Amino acid sequence: MIDAIRNLGSRGISSVWRAGAMARFFMLILANSGMSFRRFQLTIREIYFAGVMSLVIIMVSGLFIGMVLGLQGFETLQRYNAEETMGVLVALTLLRELGPVVTALLFASRAGSAITAEIGLMKATEQLKAMDMMAIDPMSRVVAPRFWAGAISMPVLAALFSSTGIFGGYLVAILLVGIDSGVFWSNLHAAVDFRYDVLNGIVKSVVFGVAISIIATFEGFDADPTAEGVARATTRTVVTSALTVLLLDLILTGFMLRGD
Amino acid sequence: MSSSPSQSFVEIDNVDFSYGKRAILKGISLNVPKGKVVAIMGGSGCGKTTLLRLIGGQLVPSKGMVRVDGQDIAALDRDGMYAMRRKMGMLFQFGALFTDMSVFDNIAFQLREHTTLPEDMIRDLVLMKLDAVGLRGTAKLFPAELSGGMARRVALARAVALDPMLIMYDEPFAGLDPISLSVVGQTIRKLNNALGATSIVVTHDIVESLQIVDYLYFVSEGRIVGHGSPDEIRNSDEPFIRQFVHAELDGPVPFHYPAGNYHEQLGLAPVRPVTPKGSRP
(Lines give C-alpha, C1' and ligand atoms only; values in the text may rest on other atoms or scores of the structure.)
Protein backbone atom coordinates (compact mmCIF):
# COMPACT_ATOMS: atom_id res chain seq x y z
CA MET A 1 0.00 0.00 0.00
CA ILE A 2 2.77 2.39 1.03
CA ASP A 3 4.66 1.37 -2.09
CA ALA A 4 1.64 2.15 -4.26
CA ILE A 5 1.26 5.61 -2.70
CA ARG A 6 5.00 6.23 -3.00
CA ASN A 7 4.88 5.12 -6.64
CA LEU A 8 1.94 7.43 -7.35
CA GLY A 9 3.72 10.35 -5.68
CA SER A 10 6.90 9.64 -7.60
CA ARG A 11 5.02 9.55 -10.90
CA GLY A 12 3.20 12.77 -10.03
CA ILE A 13 6.44 14.58 -9.19
CA SER A 14 8.08 13.21 -12.32
CA SER A 15 5.16 14.43 -14.50
CA VAL A 16 5.25 17.91 -12.98
CA TRP A 17 9.03 17.98 -13.39
CA ARG A 18 8.75 17.00 -17.06
CA ALA A 19 6.06 19.62 -17.68
CA GLY A 20 8.33 22.26 -16.12
CA ALA A 21 11.34 21.06 -18.10
CA MET A 22 9.24 21.16 -21.28
CA ALA A 23 8.16 24.76 -20.59
CA ARG A 24 11.79 25.73 -20.02
CA PHE A 25 12.76 23.90 -23.21
CA PHE A 26 10.11 25.90 -25.12
CA MET A 27 11.63 29.16 -23.81
CA LEU A 28 15.06 27.96 -24.92
CA ILE A 29 13.71 27.19 -28.40
CA LEU A 30 12.24 30.69 -28.66
CA ALA A 31 15.51 32.22 -27.48
CA ASN A 32 17.45 30.19 -30.08
CA SER A 33 15.09 30.69 -33.02
CA GLY A 34 17.07 33.42 -34.77
CA MET A 35 18.88 31.02 -37.10
CA SER A 36 15.61 29.31 -38.12
CA PHE A 37 14.47 32.56 -39.75
CA ARG A 38 17.80 34.11 -40.74
CA ARG A 39 18.65 30.93 -42.63
CA PHE A 40 15.12 29.98 -43.56
CA GLN A 41 16.32 27.19 -45.88
CA LEU A 42 17.07 25.15 -42.73
CA THR A 43 13.42 25.43 -41.69
CA ILE A 44 12.20 24.80 -45.25
CA ARG A 45 14.20 21.56 -45.33
CA GLU A 46 12.43 20.42 -42.15
CA ILE A 47 9.05 21.57 -43.48
CA TYR A 48 9.67 19.20 -46.38
CA PHE A 49 10.26 16.25 -44.02
CA ALA A 50 7.54 17.10 -41.49
CA GLY A 51 4.92 18.66 -43.76
CA VAL A 52 5.35 17.64 -47.38
CA MET A 53 6.10 14.01 -46.52
CA SER A 54 2.89 13.92 -44.44
CA LEU A 55 0.73 15.15 -47.32
CA VAL A 56 -0.32 11.74 -48.61
CA ILE A 57 -1.53 10.33 -45.29
CA ILE A 58 -3.27 13.62 -44.39
CA MET A 59 -5.08 14.05 -47.72
CA VAL A 60 -6.10 10.43 -48.13
CA SER A 61 -7.37 10.33 -44.53
CA GLY A 62 -9.22 13.61 -45.06
CA LEU A 63 -10.88 12.31 -48.21
CA PHE A 64 -12.06 9.08 -46.58
CA ILE A 65 -13.23 10.77 -43.38
CA GLY A 66 -15.18 13.34 -45.44
CA MET A 67 -16.82 10.53 -47.43
CA VAL A 68 -17.73 8.58 -44.29
CA LEU A 69 -19.14 11.76 -42.72
CA GLY A 70 -21.22 12.27 -45.86
CA LEU A 71 -22.62 8.72 -45.74
CA GLN A 72 -23.33 8.80 -42.01
CA GLY A 73 -24.78 12.30 -42.27
CA PHE A 74 -27.07 11.31 -45.11
CA GLU A 75 -28.34 8.33 -43.10
CA THR A 76 -29.46 10.63 -40.27
CA LEU A 77 -30.46 13.72 -42.22
CA GLN A 78 -32.77 11.92 -44.58
CA ARG A 79 -34.98 10.97 -41.63
CA TYR A 80 -35.75 14.67 -41.25
CA ASN A 81 -35.78 15.38 -45.00
CA ALA A 82 -32.74 17.56 -44.48
CA GLU A 83 -30.26 15.73 -46.72
CA GLU A 84 -29.55 18.97 -48.66
CA THR A 85 -27.76 20.27 -45.58
CA MET A 86 -25.27 17.44 -45.79
CA GLY A 87 -22.53 19.80 -46.97
CA VAL A 88 -23.08 21.96 -43.89
CA LEU A 89 -22.75 18.95 -41.58
CA VAL A 90 -19.57 17.76 -43.26
CA ALA A 91 -17.99 21.21 -43.43
CA LEU A 92 -18.76 22.27 -39.86
CA THR A 93 -17.63 18.95 -38.41
CA LEU A 94 -14.36 19.12 -40.30
CA LEU A 95 -13.58 22.81 -39.88
CA ARG A 96 -14.43 23.02 -36.19
CA GLU A 97 -13.29 19.66 -34.85
CA LEU A 98 -12.17 16.77 -37.02
CA GLY A 99 -9.86 18.78 -39.26
CA PRO A 100 -7.56 20.13 -36.53
CA VAL A 101 -7.89 17.14 -34.15
CA VAL A 102 -7.46 14.24 -36.59
CA THR A 103 -4.70 16.09 -38.46
CA ALA A 104 -2.94 16.67 -35.13
CA LEU A 105 -3.20 12.98 -34.19
CA LEU A 106 -1.92 11.89 -37.61
CA PHE A 107 0.80 14.56 -37.57
CA ALA A 108 1.99 13.43 -34.12
CA SER A 109 2.17 9.82 -35.32
CA ARG A 110 3.82 10.56 -38.67
CA ALA A 111 6.00 13.64 -38.19
CA GLY A 112 6.22 14.01 -34.38
CA SER A 113 7.55 10.50 -33.90
CA ALA A 114 10.03 11.00 -36.77
CA ILE A 115 11.33 14.25 -35.23
CA THR A 116 11.78 12.54 -31.83
CA ALA A 117 13.51 9.52 -33.35
CA GLU A 118 15.85 11.67 -35.44
CA ILE A 119 16.92 13.96 -32.58
CA GLY A 120 17.12 10.98 -30.19
CA LEU A 121 19.36 9.04 -32.58
CA MET A 122 21.55 12.10 -33.12
CA LYS A 123 21.95 12.21 -29.35
CA ALA A 124 22.63 8.46 -29.06
CA THR A 125 25.32 8.60 -31.76
CA GLU A 126 26.94 11.69 -30.20
CA GLN A 127 26.11 13.87 -33.22
CA LEU A 128 24.65 16.57 -30.95
CA LYS A 129 27.74 16.51 -28.74
CA ALA A 130 29.96 16.69 -31.83
CA MET A 131 28.02 19.72 -33.06
CA ASP A 132 28.34 21.37 -29.65
CA MET A 133 32.10 20.72 -29.71
CA MET A 134 32.22 22.42 -33.11
CA ALA A 135 30.85 25.55 -31.40
CA ILE A 136 27.49 25.14 -33.12
CA ASP A 137 24.52 25.16 -30.75
CA PRO A 138 22.28 22.12 -31.42
CA MET A 139 19.29 24.08 -30.08
CA SER A 140 19.70 26.64 -32.88
CA ARG A 141 20.83 24.28 -35.62
CA VAL A 142 18.80 21.12 -34.96
CA VAL A 143 15.92 21.73 -32.54
CA ALA A 144 14.55 25.17 -33.44
CA PRO A 145 14.20 24.56 -37.23
CA ARG A 146 12.31 21.32 -36.52
CA PHE A 147 10.06 23.06 -34.01
CA TRP A 148 9.16 25.85 -36.43
CA ALA A 149 8.70 23.39 -39.29
CA GLY A 150 6.14 21.49 -37.19
CA ALA A 151 4.41 24.65 -36.02
CA ILE A 152 4.15 25.99 -39.60
CA SER A 153 3.21 22.69 -41.27
CA MET A 154 0.41 21.69 -38.91
CA PRO A 155 -2.14 24.48 -39.75
CA VAL A 156 -1.49 24.03 -43.49
CA LEU A 157 -2.01 20.27 -43.21
CA ALA A 158 -5.20 20.80 -41.17
CA ALA A 159 -6.53 23.15 -43.87
CA LEU A 160 -5.74 20.57 -46.55
CA PHE A 161 -7.34 17.82 -44.47
CA SER A 162 -10.56 19.83 -44.09
CA SER A 163 -10.56 20.77 -47.79
CA THR A 164 -10.13 17.20 -49.02
CA GLY A 165 -12.68 16.06 -46.41
CA ILE A 166 -15.26 18.51 -47.74
CA PHE A 167 -14.43 17.33 -51.25
CA GLY A 168 -14.98 13.72 -50.10
CA GLY A 169 -18.37 14.70 -48.65
CA TYR A 170 -19.16 16.48 -51.92
CA LEU A 171 -18.34 13.33 -53.94
CA VAL A 172 -20.69 11.24 -51.78
CA ALA A 173 -23.43 13.89 -51.96
CA ILE A 174 -23.24 14.28 -55.74
CA LEU A 175 -22.31 10.79 -56.96
CA LEU A 176 -24.02 8.51 -54.44
CA VAL A 177 -26.85 10.49 -52.88
CA GLY A 178 -27.72 12.65 -55.86
CA ILE A 179 -27.84 16.05 -54.14
CA ASP A 180 -27.57 18.99 -56.51
CA SER A 181 -24.10 20.47 -56.62
CA GLY A 182 -25.38 24.06 -56.37
CA VAL A 183 -27.54 23.22 -53.36
CA PHE A 184 -24.58 21.53 -51.63
CA TRP A 185 -22.28 24.52 -52.02
CA SER A 186 -24.86 27.26 -51.40
CA ASN A 187 -26.02 25.65 -48.12
CA LEU A 188 -22.43 25.21 -47.05
CA HIS A 189 -21.59 28.81 -47.99
CA ALA A 190 -24.55 30.17 -46.07
CA ALA A 191 -23.91 28.17 -42.89
CA VAL A 192 -20.16 28.40 -42.49
CA ASP A 193 -18.95 31.52 -40.69
CA PHE A 194 -15.37 32.53 -41.45
CA ARG A 195 -14.46 33.89 -38.02
CA TYR A 196 -16.40 31.44 -35.89
CA ASP A 197 -15.78 28.24 -37.84
CA VAL A 198 -12.76 28.65 -40.10
CA LEU A 199 -10.63 30.95 -37.93
CA ASN A 200 -11.30 29.00 -34.74
CA GLY A 201 -10.26 25.83 -36.55
CA ILE A 202 -7.05 27.53 -37.66
CA VAL A 203 -6.37 28.73 -34.09
CA LYS A 204 -6.80 25.16 -32.84
CA SER A 205 -4.47 23.74 -35.46
CA VAL A 206 -1.79 26.35 -34.64
CA VAL A 207 -2.02 25.53 -30.91
CA PHE A 208 -1.88 21.77 -31.64
CA GLY A 209 1.09 22.26 -33.99
CA VAL A 210 3.04 24.18 -31.36
CA ALA A 211 2.19 21.61 -28.65
CA ILE A 212 3.18 18.60 -30.78
CA SER A 213 6.40 20.25 -31.93
CA ILE A 214 7.45 21.08 -28.35
CA ILE A 215 6.69 17.52 -27.21
CA ALA A 216 8.45 15.88 -30.17
CA THR A 217 11.62 17.96 -29.95
CA PHE A 218 11.76 17.77 -26.14
CA GLU A 219 11.33 14.00 -26.05
CA GLY A 220 14.07 13.55 -28.66
CA PHE A 221 16.46 15.88 -26.85
CA ASP A 222 15.69 14.29 -23.48
CA ALA A 223 15.83 10.65 -24.70
CA ASP A 224 18.21 8.22 -23.04
CA PRO A 225 21.06 7.79 -25.54
CA THR A 226 20.33 4.11 -26.22
CA ALA A 227 18.18 2.21 -28.73
CA GLU A 228 15.65 1.48 -26.01
CA GLY A 229 15.70 5.10 -24.82
CA VAL A 230 14.91 6.39 -28.33
CA ALA A 231 12.11 3.82 -28.73
CA ARG A 232 10.57 4.89 -25.41
CA ALA A 233 10.87 8.57 -26.30
CA THR A 234 9.15 7.99 -29.65
CA THR A 235 6.27 6.20 -27.95
CA ARG A 236 6.00 8.97 -25.34
CA THR A 237 5.78 11.57 -28.12
CA VAL A 238 2.79 9.87 -29.72
CA VAL A 239 0.96 9.17 -26.44
CA THR A 240 1.65 12.56 -24.81
CA SER A 241 0.81 14.43 -28.02
CA ALA A 242 -2.50 12.59 -28.45
CA LEU A 243 -3.59 13.25 -24.86
CA THR A 244 -2.40 16.87 -24.96
CA VAL A 245 -4.23 17.53 -28.23
CA LEU A 246 -7.49 16.10 -26.89
CA LEU A 247 -7.20 18.06 -23.62
CA LEU A 248 -6.33 21.29 -25.44
CA ASP A 249 -9.25 20.69 -27.81
CA LEU A 250 -11.64 20.46 -24.87
CA ILE A 251 -10.27 23.67 -23.33
CA LEU A 252 -10.21 25.61 -26.61
CA THR A 253 -13.70 24.46 -27.60
CA GLY A 254 -14.96 25.63 -24.21
CA PHE A 255 -13.50 29.09 -24.84
CA MET A 256 -14.67 29.28 -28.45
CA LEU A 257 -18.34 28.40 -28.02
CA ARG A 258 -20.54 31.44 -28.48
CA GLY A 259 -23.27 30.12 -26.21
CA ASP A 260 -26.10 31.62 -28.28
CA MET B 1 45.54 35.03 -24.66
CA SER B 2 48.82 33.29 -25.24
CA SER B 3 49.85 30.13 -23.51
CA SER B 4 51.88 30.08 -20.29
CA PRO B 5 55.67 30.47 -20.28
CA SER B 6 56.04 26.70 -19.77
CA GLN B 7 54.53 26.36 -23.26
CA SER B 8 51.82 24.05 -21.97
CA PHE B 9 48.79 24.28 -24.17
CA VAL B 10 46.59 22.33 -21.77
CA GLU B 11 47.10 22.39 -18.01
CA ILE B 12 45.03 20.30 -15.65
CA ASP B 13 45.65 21.29 -12.07
CA ASN B 14 44.50 19.12 -9.14
CA VAL B 15 41.12 18.34 -10.72
CA ASP B 16 38.35 16.37 -9.01
CA PHE B 17 35.21 15.29 -10.82
CA SER B 18 32.23 13.20 -9.70
CA TYR B 19 29.06 11.91 -11.32
CA GLY B 20 26.72 12.32 -8.35
CA LYS B 21 28.39 10.55 -5.45
CA ARG B 22 30.66 8.48 -7.70
CA ALA B 23 34.11 10.05 -7.82
CA ILE B 24 35.63 9.71 -11.31
CA LEU B 25 38.75 11.88 -11.09
CA LYS B 26 40.67 12.47 -7.86
CA GLY B 27 43.23 15.25 -7.82
CA ILE B 28 44.50 14.82 -11.37
CA SER B 29 47.26 17.11 -12.62
CA LEU B 30 48.87 16.95 -16.04
CA ASN B 31 50.36 19.19 -18.73
CA VAL B 32 50.16 18.90 -22.47
CA PRO B 33 53.01 20.85 -24.11
CA LYS B 34 52.34 22.85 -27.24
CA GLY B 35 52.97 20.97 -30.48
CA LYS B 36 53.19 17.53 -28.85
CA VAL B 37 51.08 14.40 -29.13
CA VAL B 38 50.20 13.17 -25.64
CA ALA B 39 48.38 9.95 -24.83
CA ILE B 40 46.16 9.46 -21.81
CA MET B 41 45.94 5.76 -21.15
CA GLY B 42 44.11 3.48 -18.79
CA GLY B 43 41.53 0.75 -18.59
CA SER B 44 37.88 1.16 -19.51
CA GLY B 45 35.94 3.40 -17.13
CA CYS B 46 39.01 4.95 -15.48
CA GLY B 47 37.99 8.52 -16.38
CA LYS B 48 39.93 9.12 -19.62
CA THR B 49 36.98 10.35 -21.65
CA THR B 50 35.81 12.47 -18.71
CA LEU B 51 39.18 14.24 -18.88
CA LEU B 52 38.58 15.08 -22.54
CA ARG B 53 35.10 16.39 -21.74
CA LEU B 54 36.60 18.61 -19.03
CA ILE B 55 39.15 19.99 -21.48
CA GLY B 56 36.41 20.58 -24.06
CA GLY B 57 34.26 22.38 -21.49
CA GLN B 58 31.41 19.87 -21.75
CA LEU B 59 31.88 19.12 -18.04
CA VAL B 60 32.97 21.37 -15.18
CA PRO B 61 35.38 20.08 -12.51
CA SER B 62 34.12 20.00 -8.94
CA LYS B 63 37.59 21.08 -7.78
CA GLY B 64 40.76 22.31 -9.46
CA MET B 65 41.30 24.09 -12.75
CA VAL B 66 41.50 23.22 -16.45
CA ARG B 67 43.37 25.76 -18.56
CA VAL B 68 43.50 25.67 -22.34
CA ASP B 69 45.71 28.18 -24.14
CA GLY B 70 46.07 29.95 -20.80
CA GLN B 71 42.32 30.36 -20.18
CA ASP B 72 40.36 28.80 -17.34
CA ILE B 73 37.71 26.76 -19.16
CA ALA B 74 35.19 26.81 -16.29
CA ALA B 75 35.30 30.64 -16.14
CA LEU B 76 34.27 31.11 -19.79
CA ASP B 77 30.73 32.18 -20.67
CA ARG B 78 28.88 30.58 -23.59
CA ASP B 79 30.35 32.86 -26.25
CA GLY B 80 33.80 32.52 -24.74
CA MET B 81 33.43 28.74 -24.66
CA TYR B 82 32.34 28.61 -28.30
CA ALA B 83 35.23 30.89 -29.26
CA MET B 84 37.57 28.49 -27.45
CA ARG B 85 36.00 25.44 -29.11
CA ARG B 86 36.72 26.90 -32.52
CA LYS B 87 40.38 26.35 -31.65
CA MET B 88 39.63 22.69 -30.88
CA GLY B 89 38.82 19.66 -32.97
CA MET B 90 37.52 16.45 -31.51
CA LEU B 91 37.34 12.93 -32.88
CA PHE B 92 34.60 10.99 -31.13
CA GLN B 93 34.90 7.30 -30.35
CA PHE B 94 32.46 6.20 -33.04
CA GLY B 95 33.07 9.12 -35.38
CA ALA B 96 29.74 10.89 -34.68
CA LEU B 97 29.45 11.73 -38.37
CA PHE B 98 26.19 13.41 -39.37
CA THR B 99 24.30 10.52 -40.92
CA ASP B 100 22.01 12.68 -43.06
CA MET B 101 24.95 14.33 -44.83
CA SER B 102 27.46 13.06 -47.36
CA VAL B 103 31.14 12.75 -46.44
CA PHE B 104 31.77 16.01 -48.31
CA ASP B 105 29.04 17.89 -46.42
CA ASN B 106 30.22 16.49 -43.09
CA ILE B 107 33.62 18.07 -43.58
CA ALA B 108 32.23 21.24 -45.16
CA PHE B 109 29.80 21.65 -42.24
CA GLN B 110 32.04 23.73 -39.95
CA LEU B 111 33.48 25.71 -42.84
CA ARG B 112 29.98 26.69 -43.92
CA GLU B 113 28.81 27.45 -40.38
CA HIS B 114 31.83 29.41 -39.17
CA THR B 115 33.26 31.08 -42.27
CA THR B 116 32.01 33.12 -45.21
CA LEU B 117 34.26 31.36 -47.68
CA PRO B 118 32.86 30.93 -51.21
CA GLU B 119 31.59 27.46 -52.06
CA ASP B 120 34.37 26.72 -54.59
CA MET B 121 37.02 27.46 -51.94
CA ILE B 122 35.17 25.25 -49.43
CA ARG B 123 35.16 22.51 -52.06
CA ASP B 124 38.95 22.75 -52.48
CA LEU B 125 39.54 22.76 -48.70
CA VAL B 126 37.29 19.73 -48.17
CA LEU B 127 39.05 17.79 -50.92
CA MET B 128 42.43 18.67 -49.38
CA LYS B 129 41.31 17.43 -45.95
CA LEU B 130 39.94 14.25 -47.47
CA ASP B 131 43.13 13.74 -49.44
CA ALA B 132 45.15 14.08 -46.22
CA VAL B 133 43.33 11.05 -44.79
CA GLY B 134 43.44 9.20 -48.13
CA LEU B 135 39.68 9.28 -48.76
CA ARG B 136 39.17 11.91 -51.47
CA GLY B 137 37.29 9.28 -53.46
CA THR B 138 34.58 8.94 -50.81
CA ALA B 139 33.36 12.55 -50.99
CA LYS B 140 29.96 11.61 -52.39
CA LEU B 141 29.36 8.62 -50.12
CA PHE B 142 27.21 8.69 -46.99
CA PRO B 143 28.51 7.59 -43.55
CA ALA B 144 26.42 4.40 -43.72
CA GLU B 145 28.40 3.36 -46.82
CA LEU B 146 31.80 3.57 -45.08
CA SER B 147 33.67 0.89 -43.14
CA GLY B 148 34.51 1.56 -39.48
CA GLY B 149 38.09 2.55 -40.28
CA MET B 150 37.04 4.83 -43.15
CA ALA B 151 34.40 6.52 -40.97
CA ARG B 152 37.05 7.17 -38.32
CA ARG B 153 39.33 8.76 -40.93
CA VAL B 154 36.52 10.92 -42.30
CA ALA B 155 35.75 12.00 -38.74
CA LEU B 156 39.44 12.81 -38.39
CA ALA B 157 39.31 14.98 -41.51
CA ARG B 158 36.23 16.71 -40.09
CA ALA B 159 37.95 17.30 -36.74
CA VAL B 160 40.76 19.21 -38.47
CA ALA B 161 38.53 21.07 -40.95
CA LEU B 162 39.20 24.44 -39.31
CA ASP B 163 42.91 23.74 -38.67
CA PRO B 164 42.47 23.62 -34.87
CA MET B 165 45.23 24.35 -32.36
CA LEU B 166 44.18 21.44 -30.17
CA ILE B 167 42.95 18.09 -31.48
CA MET B 168 41.40 15.58 -29.07
CA TYR B 169 40.95 11.95 -29.98
CA ASP B 170 38.60 9.75 -27.97
CA GLU B 171 39.55 6.08 -28.48
CA PRO B 172 40.62 6.56 -32.13
CA PHE B 173 41.82 2.95 -32.43
CA ALA B 174 38.86 1.13 -30.88
CA GLY B 175 37.43 -1.63 -33.06
CA LEU B 176 39.80 -1.13 -36.01
CA ASP B 177 41.59 -3.83 -37.97
CA PRO B 178 45.43 -3.68 -37.82
CA ILE B 179 45.78 -1.88 -41.16
CA SER B 180 43.15 0.77 -40.38
CA LEU B 181 44.62 1.14 -36.90
CA SER B 182 48.07 1.85 -38.29
CA VAL B 183 46.68 4.25 -40.91
CA VAL B 184 44.72 6.20 -38.27
CA GLY B 185 47.75 6.27 -35.96
CA GLN B 186 50.10 7.58 -38.66
CA THR B 187 47.51 10.11 -39.80
CA ILE B 188 47.20 11.49 -36.25
CA ARG B 189 50.95 12.03 -36.11
CA LYS B 190 51.20 13.52 -39.61
CA LEU B 191 48.26 15.88 -39.09
CA ASN B 192 49.71 17.11 -35.80
CA ASN B 193 53.03 17.85 -37.45
CA ALA B 194 51.50 19.41 -40.56
CA LEU B 195 49.13 21.69 -38.63
CA GLY B 196 51.58 22.51 -35.83
CA ALA B 197 48.81 21.54 -33.47
CA THR B 198 48.72 19.92 -30.04
CA SER B 199 47.06 16.52 -29.77
CA ILE B 200 45.61 14.51 -26.89
CA VAL B 201 44.89 10.86 -27.63
CA VAL B 202 42.72 9.00 -25.14
CA THR B 203 43.22 5.31 -25.74
CA HIS B 204 44.05 1.94 -24.27
CA ASP B 205 46.03 0.80 -27.31
CA ILE B 206 49.55 0.79 -25.91
CA VAL B 207 51.34 -0.65 -28.96
CA GLU B 208 50.15 1.99 -31.41
CA SER B 209 50.48 4.79 -28.85
CA LEU B 210 54.10 4.05 -28.10
CA GLN B 211 54.85 4.49 -31.80
CA ILE B 212 53.16 7.83 -32.42
CA VAL B 213 53.05 9.89 -29.21
CA ASP B 214 55.64 12.08 -27.47
CA TYR B 215 54.49 11.52 -23.91
CA LEU B 216 52.08 9.24 -22.03
CA TYR B 217 50.01 9.55 -18.87
CA PHE B 218 48.48 6.51 -17.19
CA VAL B 219 45.20 6.90 -15.32
CA SER B 220 43.78 4.34 -12.93
CA GLU B 221 40.86 4.77 -10.56
CA GLY B 222 40.77 8.49 -11.23
CA ARG B 223 44.44 9.17 -10.47
CA ILE B 224 47.61 9.55 -12.54
CA VAL B 225 49.62 6.43 -11.71
CA GLY B 226 52.52 6.96 -14.07
CA HIS B 227 53.85 9.05 -16.92
CA GLY B 228 56.82 9.34 -19.18
CA SER B 229 58.15 9.33 -22.73
CA PRO B 230 57.63 6.15 -24.82
CA ASP B 231 61.17 4.93 -23.99
CA GLU B 232 60.68 5.56 -20.26
CA ILE B 233 57.37 3.72 -20.38
CA ARG B 234 58.86 0.70 -22.19
CA ASN B 235 61.54 0.39 -19.50
CA SER B 236 59.37 1.27 -16.52
CA ASP B 237 59.28 -0.96 -13.42
CA GLU B 238 56.11 0.71 -12.14
CA PRO B 239 53.73 -2.24 -11.46
CA PHE B 240 50.69 -0.66 -13.13
CA ILE B 241 52.61 0.43 -16.22
CA ARG B 242 54.30 -2.97 -16.48
CA GLN B 243 50.96 -4.75 -16.26
CA PHE B 244 49.47 -2.43 -18.87
CA VAL B 245 52.39 -2.48 -21.32
CA HIS B 246 52.87 -6.26 -21.12
CA ALA B 247 49.13 -7.02 -20.91
CA GLU B 248 49.56 -9.10 -17.74
CA LEU B 249 46.39 -10.76 -16.53
CA ASP B 250 46.73 -9.86 -12.86
CA GLY B 251 48.49 -7.06 -11.04
CA PRO B 252 47.50 -3.70 -9.59
CA VAL B 253 44.42 -3.97 -11.82
CA PRO B 254 42.88 -7.20 -10.47
CA PHE B 255 41.42 -9.81 -12.80
CA HIS B 256 38.35 -10.19 -10.55
CA TYR B 257 35.83 -7.48 -9.94
CA PRO B 258 35.20 -7.29 -6.16
CA ALA B 259 32.61 -9.92 -5.18
CA GLY B 260 31.49 -12.05 -2.24
CA ASN B 261 32.79 -15.53 -1.36
CA TYR B 262 32.74 -17.64 -4.54
CA HIS B 263 31.99 -20.98 -2.81
CA GLU B 264 29.22 -19.48 -0.69
CA GLN B 265 27.65 -17.96 -3.78
CA LEU B 266 27.66 -21.37 -5.50
CA GLY B 267 26.17 -22.98 -2.38
CA LEU B 268 29.24 -25.20 -1.84
CA ALA B 269 30.85 -26.15 1.44
CA PRO B 270 33.81 -23.92 2.33
CA VAL B 271 37.11 -25.39 1.22
CA ARG B 272 39.30 -26.49 4.13
CA PRO B 273 42.98 -25.66 3.84
CA VAL B 274 45.02 -28.83 3.25
CA THR B 275 47.14 -29.59 6.32
CA PRO B 276 50.35 -31.59 5.74
CA LYS B 277 50.70 -34.82 7.70
CA GLY B 278 52.36 -34.47 11.10
CA SER B 279 51.64 -30.81 11.41
CA ARG B 280 49.13 -29.39 13.85
CA PRO B 281 45.66 -28.77 12.54
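Predicted model: local features only at pLDDT ≥ 70, side-chain atom pairs only at ≥ 80, totals over all residues.
Residues are numbered from 1 along each chain as its sequence is written, and chains are lettered from A, with ligands numbered from 1, in the order in which they are written. Local features need pLDDT of at least 70 and side-chain atom pairs count only at pLDDT 80 or more, whereas totals for chains, interfaces and linings use all residues.

**View 1. Helix α1 of chain A.** Helix α1(A) covers residues 2–31; helices (H or I, at least four residues) and strands (E, at least two) are DSSP runs numbered from the N terminus. Its 30 residues reach 43 Å from first to last C-alpha, close to the 44 Å expected at 1.5 Å a residue, where the expected span is 1.5 Å times one less than the number of residues. The helix is hardly covered, with two buried residues. A residue is buried if 20 or more other C-beta atoms, placed from the backbone, lie within 10 Å of its own, exposed if 12 or fewer, and partly exposed in between.

**View 2. The crossing of α5(A) and α7(A).** The axes of helix α5 (residues 86–124) and helix α7 (residues 138–177) of chain A come within 7 Å and cross at roughly 145°. Axes are lines fitted to C-alpha atoms, for helices over the stretch in contact, and angles run from 0 to 180 degrees between N-to-C directions. The crossing is right-handed, that is, the near helix is turned clockwise from the far one by less than a right angle. The residues of this contact divide into 23 nonpolar, seven polar and one charged. Ala, Val, Leu, Ile, Met, Phe, Trp, Tyr, Cys and Pro count as nonpolar, Asp, Glu, Lys and Arg as charged, and the others, Gly among them, as polar.

**View 3. The surroundings of Val90(A).** Val90(A) is placed in helix α5 of chain A and counts as buried because 31 C-beta neighbours lie inside 10 Å. Beyond its neighbours within four places in sequence, its contacts include Gly66(A), Leu69(A), Gly165(A) and Ile166(A); two residues are in contact if their C-beta atoms, placed from the backbone, lie within 7 Å. Phe161(A) is 71 residues from Val90(A) in sequence and 12 Å away in space, C-alpha to C-alpha.

**View 4. The four-stranded sheet of chain B.** The open sheet has the order β2-β1-β4-β5 with antiparallel pairing; strands pair if DSSP finds at least two bridges between them. Its edge strands are β2 (22–33) and β5 (71–72) of chain B. Two bridges join β4 (residues 63–68) to β5(B), and Val68(B) has Gln71(B) as its bridge partner. Helix α1 (residues 48–55) of chain B lies across β1, β2 and β4, at about 120° to β1(B).

View 5. Strands β3 (residues 37–41) and β8 (residues 198–203) of chain B run parallel and are joined by five bridges; Val37(B) is partnered by Ser199(B).

**View 6. The contact of chains A and B.** Chain B gives 13 residues to the contact and chain A nine. On the side of chain B, α2 (78–85), β6 (88–91) and α3 (103–114) each supply at least two residues. That side has seven nonpolar, three polar and three charged residues.
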